[in-house]
Amino acid sequence: MSEGNRPASAAPAIAGIGHRLLRRVIDVRPEEVAVLFWCWLYIFAVLSSYYIMRPIRDEMGVAGGTENLPFLFTGTLIGMVALNLPFAYMVKTLPRSRFIPLTYGFFIVNILIFALVLHVANSDQTVWIGRVFFIWLSVYNLFVVSVFWQLNVDLFDPAQGKRLFGFISVGASLGAIVGAGVIVVFARRVAATWLLIGAAILLGIAVFAVGRLSRLSPALHDRPSETEQPIGGSVFSGVTNALSNPYLINVSIFVLLFTITSTIVYFQQAGIAKSSFADKGAQTEFFGWIDFFVNCLTLVTQLFLTGRILGIFGVALTLALLPAFTALGFGALALAPTIMALVGFQVLRRAGDYAIARPTREVLFTVVPREDRYKAKSFIDTFVYRLGDQVGAWSYAFLATFLGLGSTTVALAAIPVALLWLANAVWLGRRQTAMAEDQATRGT
């Protein structure tokens, strides 16, 4: 949206100290400052909530047996199917100021139920509860983060996304660091029940931030009344559009190849944790330390590099960085399949995703119709993402268990997947740039 297209009601606000400080870091307009703050608080609360629960999930997944992880990923895929249709119905019939809080409210109730059940369960019951919790949290984290970015690609246009998404992601990193830090400090001292209650409270703060953003969003839109109208369309349009539009098909392929490679690394990490740490608390702490280092590196990258990388290299080359690094990382693992190499690869790869690839990937959705920003994006971010997990999980099981291949051979087998992902990323970035330029020319 160009400056000349903004309505009179969206005239630039008086620049305050917050704007003057932010201008030293990013290119931000006065009317965007308040929106940025609430976006920060929103994603900070969501990610800190998730990262409090993530190591609990990982420890429970290991406790249930690493050989059962492929079945847990299958359950997660089924859960994604179960939730996508009712979510699409809410998007169709309700304005975003209602369906987003309702979505988060549903998950808050779920968290409190798990806290209660874990509090009263015995050790045998906890194993099965852990398996359900593993599936549930694997569904939860994609939905709550996807809904956040759905709102952002609806709030900001392509040019704003390139300027601001990397900086908004800093709030996610800070939240993740705080959540991982809570686990590092309290994992051995506080029962999981109380940690879950804290996570539920944080998600409630996110709901409050959504309300504030709904009030502020008219300052960023040419047609503010449209943004709070039900989107309408078909409940199934998210699926049909994602599978029929060539651009969205390639976005789906990007996500699919990313998750396949991520799952292969995750399975190797889970096996190492189980063989290296006998104590459950130590396993949880190990996962927490990995999360902590990932998010510290992510934060530094987002503050000083993300915006510059996007500005210098553009969408296509920036999007291609993670696939290229992944191919090199699997090659390094094939040469030196050690715990230090694996942890280093995992930390650098996840940090590269959060700091560079994820904000750039969200820019891809700023050029699609509004219905696709919610429905198709939800389908891609959740079902397609977990489908990649499923393919990666069973591929790893086939290679490592059925064929008996070692970690070196598995790493070699993953390199062609990463190279295919690289080619897909370059095509997507170039197509996004062309679509954004076309929209700017037409004034949409």
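This is a predicted model: local features need pLDDT of at least 70, side-chain atom pairs count only at pLDDT 80 or more; totals for chains, interfaces and linings use all residues.
Reader: In which helix is the place of Asp372?

Author: Asp372 has its place in helix α12, residues 370-402, where helices are DSSP runs of H or I with at least four residues, numbered from the N terminus. Residues are numbered from 1 along each chain as its sequence is written, and side-chain values use heavy atoms, with hydrogens and water left out.

Reader: What makes Asp372 a residue with no salt bridge?

Author: A salt bridge needs a side-chain nitrogen of Lys or Arg within 4 Å of a carboxyl oxygen of Asp or Glu, whereas the nearest side chain of opposite charge to Asp372, that of Lys375, is 8.1 Å away. Asp372 therefore has no salt bridge, although the residue is buried.

Reader: Why are Arg96 and Asp154 called a salt bridge?

Author: Their side chains meet at 2.8 Å, N to O, and because the cut-off is 4 Å, the pair qualifies. Arg96 lies in helix α4 (residues 96-120) and Asp154 in helix α5 (residues 123-155), 58 residues apart.

Reader: How do you know whether Arg96 and Asp154 are buried or exposed?

Author: Buried means under 20% relative accessible area, exposed over 50%, and partly exposed in between, with a 1.4 Å probe and protein chains only. Arg96 has 3% relative accessibility and therefore counts as buried, and Asp154, at 2%, counts as buried too.

Reader: What ties Arg373 to Asp154?

Author: The side chains of Arg373 and Asp154 meet in a salt bridge at 3.5 Å, N to O. Arg373 lies in helix α12 and Asp154 in helix α5, so the pair ties together parts that are 219 residues apart in sequence.

Reader: Why does Arg361 with Asp381 count as a salt bridge?

Author: Their closest N and O atoms are 3.9 Å apart, and because this value is within 4 Å, the pair counts. Arg361 lies in helix α11 (residues 339-363) and Asp381 in helix α12, so parts 20 residues apart in sequence are tied together. Salt bridges that share partners join Arg358, Arg361, Glu362, Lys377 and Asp381 into one network.

Reader: Why is Phe304 called exposed?

Author: Phe304, in helix α10 (residues 280-335), has a relative accessible area of 53%, and because exposed means over 50%, the residue is exposed.

Methods. Helices (H or I, at least four residues) and strands (E, at least two) are DSSP runs, numbered from the N terminus. Lys and Arg count as positive and Asp and Glu as negative; His and the chain ends are not counted.
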